[in-house]
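Work through the exercises below with the model open. Each task is followed by a solution in steps.

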Amino acid sequence: MNDTKPAPGNAATPAQVRIFDTTLRDGEQSPGCSMTPRQKVVMARALAGLGVDVIETGFPASSESDREAARLIAREVRTPVLAVLSRCLPADIEASARALDGAARPRLHVFISTSALHREHKLRMSKAQVLDTAAACVAQARGFVDDVEFSTEDGTRTEREFLAEVVGAAIAAGATTINVPDTLGYTTPEEMRALFAHLIATVPGAREVVFSAHCHDDLGMAVANSLAAIEGGARQVECTINGIGERAGNCAMEELVMALKVRGAWYNADTGIDTRQLVPASKLLSRLVGMPVQRNKAVVGANAFAHESGIHQHGMLRHRGTYEIMNPEDVGWPASKMVLGRHSGRAAVSHRLRALGYTLGEGQLDQAFAGFKALCERQRVVEDRDLEALMHGDIRGDGFRLASMTVSDRGQRASAEIELSDPDGRSIGKRALGDGPVDALFSALAAATGVDLQLESYQVHSVGIGADARGEANLSVRCGDDAWEGTGTSTDVIEASALAWLDIANRVLRARQLQPQRQAAHA
Ligand SMILES: CC(=O)SCCNC(=O)CCNC(=O)[C@H](O)C(C)(C)COP(=O)(O)OP(=O)(O)OC[C@H]1O[C@@H](n2cnc3c(N)ncnc32)[C@H](O)[C@@H]1OP(=O)(O)O
Ligand SMILES: CC(C)C(=O)C(=O)O
Ligand SMILES: [Mg+2]
């Protein structure tokens with residue numbers, strides 16, 4: 001494997017790439033991701049803790065919230081450069097300059113579209129008008145601050161000669177950073193590398209300014225295109241936490257930063273990011289904007305360091321490098337996770353059992369493993385408590401069973417009537433009222449089983465297609481000090497919810513029965 005190649009520009013020391021975070025501006029443009037000024041301050045503090053070089057705090061001309069956020073952040077966050085965005089309009093630039101008043105390191109960021117499509121249909125401007133407006137606005141911004149960034153919106157779809165002309169005019173007017181956005185996520189890595197190399201080599205004054213890439217993810221190439229821009233000479237990358245942003249989003253900071261770190265020998269470029277803060281920052285943003293991170297998201301997704309397949313778990317147990325290219329601790333996870341489920345093998349099960357204090361001979365392990373696989377037919381994830389129950393021969397598959405249920409949502413309060421069969425086969429009926437059908441149902445189940453579960457999260461979604469389609473309910477609850485998760489599936493989502501609730505209640509009851517035996521075994 002060829003792991004190294006000549007560094008960008010054959011530099012003897014790694015090139016320093018500035019991280020320009022636009023979570024609070026382009027990220028916030030994600031539909032449904034608006035933040036309040038106070039929330040933006042909380043996020044800005046986390047970004048400063050991460051070590052980003054520039055934080056784009058908003059677009060002051062667009063709203064009072066943006067102005068307020070920019071002012072608050074300017075007061076409270078002093079280390080990174082603080083940028084705000086303006087169209088090439090004098091009033092926008094004045095509003096931006098006012099919002100940055102008092103900032104320790106202010107930057108004005110002005111942009112105008114350069115592509116033929118945008119010039120003709122959006123701006124209704126000629127090339128000459130775009131050129132003159134860009135130069136005039138950069139000069140106006142330089143009248144307020146020394147640090148001015150200029151962006152050529154839709155730059156990658158712009159005629160090359162004209163793009164070079166606009167960039168040259170912006171540099172001549174005093175821009176100190178030139179950002180060439182791939183606004184529509186249209187370009188490819190090869191094109192991006194060549195475009196940056198060409199502009200830097202040919203535009204007068206290009207070597208005196210910093211070139212920047214701003215890539216969108218419409219074709220899933222935002223990170224690859226940003227890396228290619230660095231190879232072409234860019235020394236600033238614009239990105240967001242969790243890759244949020246317009247449409248499919250922006251270049252994800254965590255992915256870009258880790259690509260530069262893990263493949264350091266290839267890229268020979270560093271950032272100043274404290275990578276251990278990546279997962280905390282991702283979780284913070286997800287909570288602030290209410291947008292969950294997909295489980296299989298690179299670096300910060302819950303599955304990024306989780307292994308369920310037996311072959312992978314076996315490899316991981318022998319040497320972590322067999323199935324991980326970075327350490328979870330380096331990005332802020334506490335450790336890798338071995339999830340026991342239907343795809344797991346003997347190596348992982350016996351390793352987990354040993355950790356729980358059970359050292360088994362070959363025959364005993366075969367027996368325990370057969371029980372484990374049978375259990376996996378009934379539940380997706382096998383937890384330590386389930387393994388202990390298995391070891392004590394207490395996985396009977398009975399417990400409380402749902403015999404029938406009727407839920408109605410007429411009148412002021414919803415009501416649920418259920419019938420269960422208990423572990424000894426006796427029938428128990430209960431009725432309860434609630435704020436909604438599911439609330440009533442869970443109250444009836446609690447009354448019938450005597451188990452009190454505090455609901456933390458409840459999600460229902462459909463799995464399968466066509467005739468196989470089922471509703472699946474996933475519950476996270478607390479029972480005393482313990483957290484539990486349960487799943488239920490049915491053609492009816494209310495019934496799926498009851499089954500998920502009973503799944504947890506039966507395991508809680510099993511764990512309670514086993515408590516004395518467990519204490520004796522570990523005494
Ligand atoms: C690629 C990007 O991410 S660009 C940033 C996008 N972000 C946003 O748009 C979020 C904030 N935007 C807003 O709150 C509003 O759009 C505002 C306040 C900026 C403007 O609102 P309005 O005055 O009602 O205009 P509207 O949004 O309908 O249209 C945009 C106007 O800006 C003009 N415009 C767009 N970009 C630029 C630019 N870079 N320089 C100068 N004018 C521009 C358009 O031509 C249009 O002008 P027109 O109304 O004279 O036709
Ligand atoms: C305003 C610019 C930088 C932008 O967000 C884009 O072109 O995508
Ligand atoms: Mg953008």
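This is a predicted model: local features need pLDDT of at least 70, side-chain atom pairs count only at pLDDT 80 or more; totals for chains, interfaces and linings use all residues.

**Exercise 1.** Find how the salt-bridged residues Glu68 and Arg71 are placed in helix H2.

Solution. The closest N and O atoms of Glu68 and Arg71 are 3.3 Å apart, and the two form a salt bridge. Because they are three residues apart in helix H2, about one helical turn separates them. Glu68 is partly exposed at 30% relative accessible area, and Arg71 is partly exposed at 34%.

**Exercise 2.** Determine whether the salt-bridged residues Arg25 and Asp26 are buried or exposed.

Solution. Arg25 and Asp26 form a salt bridge whose closest N and O atoms are 3.6 Å apart. The relative accessible area of Arg25 is 9%, which means that Arg25 is buried. Asp26 has 3% and is buried. The structure holds 35 salt bridges. Elsewhere, salt bridges link Glu383, Arg385, Asp386, Asp503, Arg507 and Arg510 in a network.

**Exercise 3.** Locate the residues that UniProt lists for "binding site", and describe the surroundings of His216.

Solution. The unreviewed UniProt entry lists Asp26, His214, His216 and Asn250 under "binding site". These residues are spread over 225 residues of sequence, yet they cluster in space, with a largest C-alpha distance of 10.2 Å. Asn250 from this set is part of the lining of the second largest pocket. His216 lies in the loop between strand E8 (210-215) and helix H8 (222-232). With 3% relative accessibility, His216 counts as buried. Leaving out residues up to four places away in sequence, the contacts of His216 include Asp26 and Asn250, and among the others are Asp182, Glu246 and Arg247.

**Exercise 4.** Identify which residues make the nonpolar surface patch of about 300 Å², and which strand contributes its largest share.

Solution. The patch is made by Leu455, Tyr458, Val460 and Val493. Strand E18 (residues 454-463) supplies the largest share, three residues. Val493 lies in helix H18 (residues 493-522) and is partly exposed, with a relative accessible area of 37%.

Terms used: Residues are numbered from 1 along each chain as its sequence is written. Chains are lettered from A and ligands numbered from 1 in the order in which they are written. Side-chain values use heavy atoms; hydrogens and water are left out. Patches are made of residues with over 30% relative accessible area and no salt bridge: like charges are joined within 9 Å, nonpolar side chains (Val, Leu, Ile, Met, Phe, Trp, Tyr) within 5 Å. Accessible areas come from the Shrake-Rupley method with a 1.4 Å probe; for residues, only the protein chains shown count as cover. A salt bridge is a side-chain nitrogen of Lys or Arg within 4 Å of a carboxyl oxygen of Asp or Glu. Helices (H or I, at least four residues) and strands (E, at least two) are DSSP runs, numbered from the N terminus. Buried means under 20% relative accessible area, exposed over 50%, partly exposed in between (1.4 Å probe, protein chains only). UniProt positions are given in the numbering used here, feature names are shortened, and annotations may be inferred rather than shown by experiment. On a 1 Å grid over the protein atoms alone, a cavity is a set of points where a 1.4 Å probe fits but cannot get out, and a pocket is an open set with protein on both sides within 12 Å along at least five of seven lines; lining residues have an atom within 4 Å of a point. Contact means heavy atoms within 4.5 Å.
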